[in-house]
Amino acid sequence: MNGVRVLLGVCGGIAAYKAAALTSTLVQRGVELDVILTASAERFIAPLTFASLTARPVYGSLWDAPERIPHIRLVREAQAILIAPATANVIAKLAHGIADDLLTTAVLAARFPVVIAPAMNSAMYEHPATVANLALLRERGYEIVEPERGFLAERESGPGRLASEERLIEALERALRRRNSLAGKRIAITAGPTREAFDPIRFVSNASTGAIGIALAREAALRGAEVVLLLGPTLLEPPAQVTTVRFTTARELFDAAMQHAVGADWTIATAAVADYRPAEAAASKLKKSEGDLLVRFERNPDVLATLGERKGGSKVVGFAAETDDHEANAREKLRNKHLDAIVLNDVRDERGFGLVQSTLTLLWGAKDKREIGTGTKPHLAARLLDALEEVL
Ligand code: CTP
């Protein structure tokens, strides 16, 4: 970490004293550290401690700083932000975009990985509000370093102790590696379900929500890639930092993909594309009648297979949602669609759809395989991009 520029945010909790030891370790490793103390942190530990350890100015109020917009300068110069300890209050502010002091404005202005290390009383940590706020931050790509269980200042034991210095430094190193690791790359990502109508208000679709594609788009943008997200009908919001193109049907996705994905450095196809569409769509709402309704389906184009055929020098990655013979089925798609890698998603019993835990495995080459693991979509998106950066 020699020579890297890091912003350390210290909030007002008992564990603020540990931030001093952490500062000393980081300085000894050559990190150029700018420290921001919140107003409550200054009640627990003096700015002088950090100023002495870093031999640099320490920042407190947004208003007392000698310059007019210190938060923007500090963020522009930094390569990562670590908040340790992070209190429930600051976590809540960050989750809701409140920027009422130097630290929270700086985090809001950051376009790179932010590492948050919560430390607080167990009851506060386990409160549904804190749990939901941390989940929201994780969802947005913030790295949360879970606190440890152990003796707390309240003289009781439970979760809430600031993570060890070793874990904090590991998380910071991960954040630094993530930053700009995909800079200069153009990445197209397809996500979500398709809808194939058979009358103006009825359609055939599937259980996809686009969550994994959205998480991948956010994570790739965070790593510096220029991302185009081709997104089907879903209520989930696309990330702000990416260009989003909406589609409804497989044919619309096909056209959008030919325009945006051909020639991209990487294409990652997570969309659950309908292989068939109703051959005819009625112009008016179908009325029920006595007999059965027969709908004839015709084939849709295979978007990914076409991208595989036209890929030139670009890398194409597919997803395979499988219920049986997982690896064999996925490997067949890897070969038939001329892919560079395929991600196997186990979807037995509708597992793997929506905002739940999924289990992913990356397959490439003739036999190569890496378990990406089980977890939430944002967590898996980061692990998957780590693996793709190595493999592609
Ligand atoms: N895919 C696509 N266009 C299609 C069908 C699938 O781009 N018309 C992509 C998906 O985005 C995914 C991969 O192909 O990345 C595998 O999708 P899947 O539907 O599981 O594979 P199919 O080839 O349709 O095989 P089957 O339905 O027979 O399992």
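Helices here are DSSP runs of H or I with at least four residues, strands are E runs with at least two, and both are numbered from the N terminus. Bear in mind that this is a predicted model: local features need pLDDT of at least 70, side-chain atom pairs count only at pLDDT 80 or more, and totals for chains, interfaces and linings use all residues. Residues are numbered from 1 along each chain as its sequence is written, and side-chain values use heavy atoms, with hydrogens and water left out.

Back to the pair. Helix 10, residues 211-222, and helix 14, residues 377-391, have axes 8 Å apart and pack at about 55°. Axes are lines fitted to C-alpha atoms, for helices over the stretch in contact, and angles run from 0 to 180 degrees between N-to-C directions. The two helices are therefore oblique to each other; under 35 degrees would be roughly parallel, over 145 roughly antiparallel, 65 to 115 roughly perpendicular, and the rest is oblique.

Who meets whom? From helix 10, Ala211, Ile212, Ala215, Leu216, Glu219 and Ala220 meet Lys377, Pro378, Ala381, Ala382, Leu384 and Leu385 of helix 14, contact being heavy atoms within 4.5 Å. By class that's 10 nonpolar, no polar and 2 charged residues. For the classes, Ala, Val, Leu, Ile, Met, Phe, Trp, Tyr, Cys and Pro are nonpolar, Asp, Glu, Lys and Arg are charged, and the others, Gly among them, are polar.

Inside it, strand 14 (266-269) and strand 17 (315-322) pair in the parallel sense over 4 bridges, with Thr267 opposite Val316 in strand 17.

Last stop, Lys337, in the loop between helix 13 (326-336) and strand 18 (341-346). Its side chain makes a polar contact with the Asp302 side chain at 2.9 Å. A polar contact is an N or O pair within 3.5 Å; within protein, one atom must be able to donate a hydrogen and the other to accept it, and residues adjacent in sequence count only if both atoms are side-chain atoms.

Technical notes: Two strands pair if DSSP finds at least two bridges between them.
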